Amino acid sequence: FGQSLDIHHDDSSGVVYFFIFWPASTDRTMHKNKVLSITPNTQEQVDILKNVSTQYQKTITSDIFSQTGLWQPISPQNIKEQTQVHLYVPGNISETVRNLLQRHDITHEVMLPNADEIIEMQMRNESGDPRSGSTFYYRYHTLEDIYDWINRTTHDYPDKVKAILVGSSNEKRPLYALKLSLNNRPNKKAVWIDCGIHAREWISPAFCLFFVHYSLSFYNLNTEMTHILDNMDFYVLPVMNPDGYKYTWTKDRMWRKNRSPQKGTSCVGVDLNRNFDANWCTTGASPDPCTEIYCGPFPESEPESQAVANFLRSHKESIQIYLSIHSYSQMLIIPYSCTEDEAENHSELYEMVKTAADNIKRYYRNIYTYGAGAQIIYLAPGGSDDWAYNLGIKYSFTFELQDRGRYGFLLPPSHIQGACNEALLAVKTIALKVMEKPQAATSSRQAGPAA
């Protein structure tokens, strides 16, 4: 067929998602792109789906919209019997795909009939839905809007917020981290939060903007947040992969990697979350530049990952907590993802994410899976969280925000507030737990929902 394939597996529910994209030149007006829910019941049906994905990966054309973009699982080999598969199908070939499924008696149904409309809704600055359109922080924003927001925030809060240029991207876009410091107490510890390491995970930068806004707005109003900000500074990097993020707005909504050219191939980009020096390029990453999990030519080969690593190296004495924000699947992940070995303080970290997940369930009635990445998802070497942990930042976490697969990366703007509130509660819970450590005599504080 000449289209490309995307696959996602939500390990928390055993669901696999395929997303097939058609070049932009195709006339989409006659048909709507859909997501099919497919359940392979036999090994033969599993093999058919695996072969389909392999075939699509081999038929990449030069058209930017034909690039294969893998979701989870990273490899089609993770497809299994009796697990749901979600297949994103361009409207003009939906009949061909459904005929293939029917011919092999593979159970399927339409789950999402209007994927293009959701993408358009994500890109709209104003929406008819007041929950998503009335507030800046409950909409998605272009890279230019985010840079403007950084300038505006540092201008409006000159005593509390400072923009730090930590480096630049492959295409020379600045990487700004905002330092939130709400008082001048000496020897304060700090928290690092990065967002947008994977370009298509739009809810991630949305959370970083939300978090900065919430911190500034609710200092001295929300008890837990005030206590945290009185004792800790925050470094917040809203978009770690600005080139890729820009590309998702202008060329290919499903782009994941950065945009660095690779020698000897027309394939572009490195997976920045496989580019750190933590069991680099072992099982779970790929040396093939044409894959979504390409580890790069060597550790920290990319200016984006090197900039973050350099900053963390130079601030490792003060940074006590490392947080990397991703989507999707609703997971709170602790090291390790690069090996099946347990982290030295596994029990301590596990208790923190369990408490955070319990709080989210109590206040927001939403379920988050938690545990070591290699155990609850799959091996993923070269990740920033494992690298930070090995650097000596012993409270290192990756959050996978909403949802669990209903919309995936196409989370509608109306869901931003809920997703951010859940992640905020997890940040609060973990920060308060870490703050208790050096001062064990302090009475335990219970994190509550956003004010």
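Reply: What follows covers the chain overall, then some helices. This is a predicted model, where local features need pLDDT of at least 70, side-chain atom pairs count only at pLDDT 80 or more, and totals for chains, interfaces and linings use all residues. Residues are numbered from 1 along each chain as its sequence is written, and side-chain values use heavy atoms, leaving out hydrogens and water.

Me: How many helices and strands in the protein chain?
Reply: There are 13 helices and 13 strands, taken as DSSP runs numbered from the N terminus (helices H or I, at least four residues; strands E, at least two).

Me: And what share of the residues is buried?
Reply: Of 451 residues, 60% are buried, meaning under 20% relative accessible area with a 1.4 Å probe, protein chains only.

Me: Switching to helix pairs: at what angle do helix 6 and helix 7 cross?
Reply: Roughly 95°, with the axes of helix 6 (residues 203-218) and helix 7 (residues 223-231) coming within 9 Å; axes are lines fitted to C-alpha atoms over the stretch in contact, and angles run from 0 to 180 degrees between N-to-C directions. Helix 6 is therefore roughly perpendicular to helix 7 (65 to 115 degrees).

Me: Which residues make the contact?
Reply: F211, Y214, S215 and F218 of helix 6 meet M225, T226 and L229 of helix 7, with contact meaning heavy atoms within 4.5 Å. Five are nonpolar, two polar and none charged (Ala, Val, Leu, Ile, Met, Phe, Trp, Tyr, Cys and Pro count as nonpolar, Asp, Glu, Lys and Arg as charged, the others as polar).

Me: Is helix 13 mostly covered or exposed?
Reply: Mostly covered, with 17 of its 21 residues buried.

Key: Buried means under 20% relative accessible area, exposed over 50%, partly exposed in between (1.4 Å probe, protein chains only). Angles under 35 degrees count as roughly parallel, over 145 as roughly antiparallel, 65 to 115 as roughly perpendicular and the rest as oblique.
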